[in-house]
Amino acid sequence: MKKSVLGVAILLANQAVMAADSNAKMEEVTIIGNPEEAQLIPGSAHVIGEQELEKFEFTDINRIVRQVPGVYLQEEDGFGLRPNIGIRGAVGERSSKINLMEDGVLIAPAPYSAPSAYYFPTAGRMSSVEILKGAETLRQGPATVGGAVNLISTRIPEQTRGSVNAEAGEDGAFRVHANYGHVEEQFAFLLETHQQGNDGFKNIDRSNRDTGFYIEDYMAKVRVNSDPSAEFYQQLDFKVQYSEELSDETYLGLTDRDFTAAPDRRYGLSELDEMNTRHSTVQLRHHIEFNTDLSLTTTVYQNKFKRDWFKVKGVGGLIDDVNAGNSNAANAQAILDGTADADGIAVKHNNRKYTSEGIQFKVDWALANHQIEMGARYHQDDVDRHQPEEIFNQRNGELVFDSIKQPSSSNNRVEDAEAIALHIMDVWSLNDELKLNLGLRYEDIETSQTRYGDSERTEVASTRSNQVDELLYSAGITYELSDQVTLLAGVHSGFAPTSPSSRDNIEPETSTNYEAGIRFNGEDAKASVIAFFSDYESTVTNCTVNRPCGDQTSGSQSEGESEVKGVEVTVDSHLYRDNDVFVPISMSYTYTDAEITDPKDSGNQVGDLYEYLPKNTFSAQIGYELASGWNSYLSVSYVDEMCTDSSICGRSGLDQRFAFTDQYWVADFSTHYPLNKDTQLYLKLDNVFDERAIVSRNPDGARPNKPRTALIGVNWNF
């Protein structure tokens with residue numbers, strides 16, 4: 001069944017006869033469109049556009065999407081390099097339960113065979129971000145439980161132009177984002193680079209090593225479109241992207257006592273920890289309009305990702321001993337401090353290679369009062385792990401190399417997946433006020449795993465395979481009570497596949513998801529209130545080193561049945577407006593209640609909480625915009641405490657001091673001053689009040705958010 005996807009791309013290129021009749025060029029592939037179109041969807045949809053992104057010049061995806069209700073974030077490194085994004089109860093672990101896309105194409109390293117997104121596109125080069133929830137999620141897949149995040153890369157401009165954004169700040173922070181686009185009537189291209197680095201805000205005991213990162217990212221796009229005199233409009237888009245990252249990141253946190261004393265401390269045991277990555281993308285997209293009512297878009301894609309995260313393992317037990325104050329606490333603290341010697345400290349090469357490729361088709365057909373979308377995708381992906389360990393001994397506070405330990409079969413394995421996905425969505429306009437949205441999606445997934453007993457891979461230790469097919473449905477409705485007020489409701493099937501290494505008795509995650517709400521869209525204000533409820537027939541956790549299932553760090557674990565319910569509120573308006581001053585204001589709030597309702601044979605208890613799912617989140621922004629172009633903005637966000645160990649949280653008689661993160665507020669500020677029509681200076685202050693908090697405890701100890709950081713930048717358009 002496996003075929004060369006790039007071979008199909010060559011056929012597409014040969015068939016792309018340039019002809020047609022349109023003055024408008026097709027945008028990068030979106031799943032929503034613009035903020036106005038988001039208001040028409042029978043469900044919760046949000047678009048963070050280019051102007052919004054420019055307000056704060058954020059490069060941390062966590063800071064970008066936290067303004068969207070129903071989205072949950074587990075911070076990890078302070079920079080958003082490897083975010084954990086969850087939506088409406090779909091757990092955020094490595095964003096593995098959402099559809100993560102760039103320009104409408106699945107971008108996680110291996111969305112089916114290894115959905116944990118250890119690669120995340122460089123947020124600083126994006127032109128907009130779309131977040132889709134509810135019944136419309138069935139257009140995407142494979143994960144339809146929570147929703148989809150689609151990152152829109154820099155578009156080819158409408159006319160020849162370029163821009164350079166240069167930035168510098170504390171901790172050696174710098175960023176250069178430059179692009180140039182050339183446009184002719186039937187040909188256009190865009191060249192872009194994004195370079196970013198930081199020495200880091202943490203300090204390693206007895207070491208001068210940095211704790212930051214360096215990213216270099218390059219992208220090129222080419223567009224060829226048809227002649228206006230041709231019968232059909234056709235367009236061929238080619239995109240290529242390449243990036244490298246070196247980040248001195250670790251999984252090792254701190255004891256609570258050490259965190260209180262110095263949250264930016266790192267133990268010397270983590271001195272060697274760093275991640276090296278390389279990522280490449282090739283996309284070829286062909287679009288043809290047969291008439292004003294019928295079009296076909298075909299996309300061929302291939303993503304490759306290679307990484308080696310060299311990081312210390314098995315040290316979390318020392319932190320647990322210190323926190324618990326048990327008989328080994330003093331010795332454990334001495335090892336962490338480097339004042340006691342220790343043998344057999346393993347630093348593991350989390351070395352993996354991924355390939356993700358496929359071809360997808362989308363037909364858009366306007367038929368009478370129906371807007372029909374039909375889609376098909378063939379996809380294959382794989383992940384190759386060969387992960388030896390280097391053994392060190394701690395002597396006088398230094399790590400001294402001892403030996404190399406070859407990987408066990410669980411760390412010497414190949415997993416792959418093949419999937420065929422089909423969907424059809426019909427937006428049926430029953431009359432001017434009432435629209436019905438009906439959808440079906442079919443997923444057929446085959447996965448396999450091979451474990452090897454030796455490094456040369458001449459001995460197969462075990463094999464495992466799984467096959468699952470699922471038919472999903474959705475139904476949504478919108479009713480316009482007036483020009484300003486719309487009612488909406490929807491129901492859809494939720495689905496997320498399990499890992500290829502899962503046992504045969506682990507069912508995929510499935511749920512039935514409901515939502516209902518009201519939207520107000522006035523001249524001076526917009527608002528919405530949407531309630532949601534998800535009934536999980538099967539709740540599944542994908543086990544990783546970052547979020548282990550007990551001692552299990554691969555495969556999937558069934559958690560039983562559960563329920564997630566909540567409400568999302570958004571308001572977008574202004575406090576004041578005249579010819580000289582505009583004061584916009586916006587806010588979002590999410591309340592979520594999630595718990596296990598029937599543990600079955602999972603070992604959970606009724607009422608156990610979801611991990612890393614806050615009960616309350618809040619975000620607000622206020623701006624002060626002058627007619628001169630001098631604009632300033634303040635963003636304030638709140639995150640409630642989150643359970644980090646569901647086997648402890650809420651259970652009576654257990655010590656829960658170390659089973660929750662902190663609740664915290666964070667404020668960010670930016671101001672932009674125009675030097676002339678083409679050049680603008682800006683100043684950013686992240687975490688204005690230097691609020692520090694424990695934002696994560698997994699897998700090994702307490703970890704902080706980023707401290708107050710000042711940056712200054714200049715943006716030049718030419």
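In this predicted model, the side chain of R285 has a polar atom that lies 3.0 Å from the backbone oxygen of D103. R285 belongs to strand β15, which runs over residues 274-291, and with a relative accessible area of 7% it falls under the 20% limit and therefore counts as buried. Along the chain R285 and Y301 are 16 residues apart, and their C-alpha atoms are separated by 8.5 Å.

The chain contains 7 helices and 35 strands. Its radius of gyration is 25 Å, close to the 27 Å that the globule rule gives for 718 residues, so the chain is as compact as a globular protein of that length. Taken along the principal axes, the box filled by the C-alpha atoms is roughly 80 × 60 × 50 Å. Of the 718 residues in the chain, 59% are buried, and the accessible surface comes to about 28,600 Å², with 52% of it belonging to carbon and sulfur atoms. When contacts between residues at least 6 apart in sequence are considered, 68% of them join residues at least 24 apart. As for charge, the chain carries 63 positive and 111 negative charges, and the mean positions of these two sets are 3 Å apart.

Two of the helices can be followed together. In α7, which spans residues 329-337, the buried residues are A329, A332, Q333, A334, I335 and L336. These buried residues pack against α5 (256-261), β14 (265-266), α6 (316-324), β17 (342-367) and β19 (389-395). Helix α6 in turn has G316, L318, I319, D321, V322 and N323 as its buried residues, and what covers them includes α5 and α7. After each of these helices comes a glycine with a positive phi: G325 follows α6, with phi near 65°, while G338 follows α7, with phi near 85°.

A positive phi is also found in residues other than glycine, and two examples can be set side by side. S95, in the loop between β3 (84-87) and β4 (99-102), has a phi near 55°, and because its relative accessibility is 2%, S95 counts as buried. A368, in the loop between β17 and β18 (370-386), likewise has a phi near 55°, but its relative accessibility is 80%, over the 50% limit, so A368 counts as exposed.

Loops also hold cis peptide bonds. One of them runs from G141 to P142, with omega near 10°, and P142 is placed in the loop between β6 (126-133) and β7 (147-153). Another joins N698 and P699, where omega is about -5°, and P699 is found in the loop between β33 (694-696) and β34 (703-704).

The last stop is S511, which is part of strand β25, covering residues 509-521. The relative accessible area of S511 is 3%, so this serine is buried. Leaving aside residues up to four places away in sequence, S511 touches V145, H492, S493, G494, D535, Y536 and E537.

Notes
Residues are numbered from 1 along each chain as its sequence is written. This is a predicted model: local features need pLDDT of at least 70, side-chain atom pairs count only at pLDDT 80 or more; totals for chains, interfaces and linings use all residues. Side-chain values use heavy atoms; hydrogens and water are left out. Helices (H or I, at least four residues) and strands (E, at least two) are DSSP runs, numbered from the N terminus. The radius of gyration is taken over C-alpha atoms; the globule rule is 2.2 Å times the number of residues to the power 0.38. Buried means under 20% relative accessible area, exposed over 50%, partly exposed in between (1.4 Å probe, protein chains only). Contact means heavy atoms within 4.5 Å. Accessible areas come from the Shrake-Rupley method with a 1.4 Å probe; for residues, only the protein chains shown count as cover. Lys and Arg count as positive and Asp and Glu as negative; His and the chain ends are not counted. The place of a charge is taken as NZ of Lys, CZ of Arg, CG of Asp or CD of Glu. A polar contact is a pair of N or O atoms within 3.5 Å; within protein, one must be able to donate a hydrogen and the other to accept it, and residues adjacent in sequence count only if both atoms are side-chain atoms.
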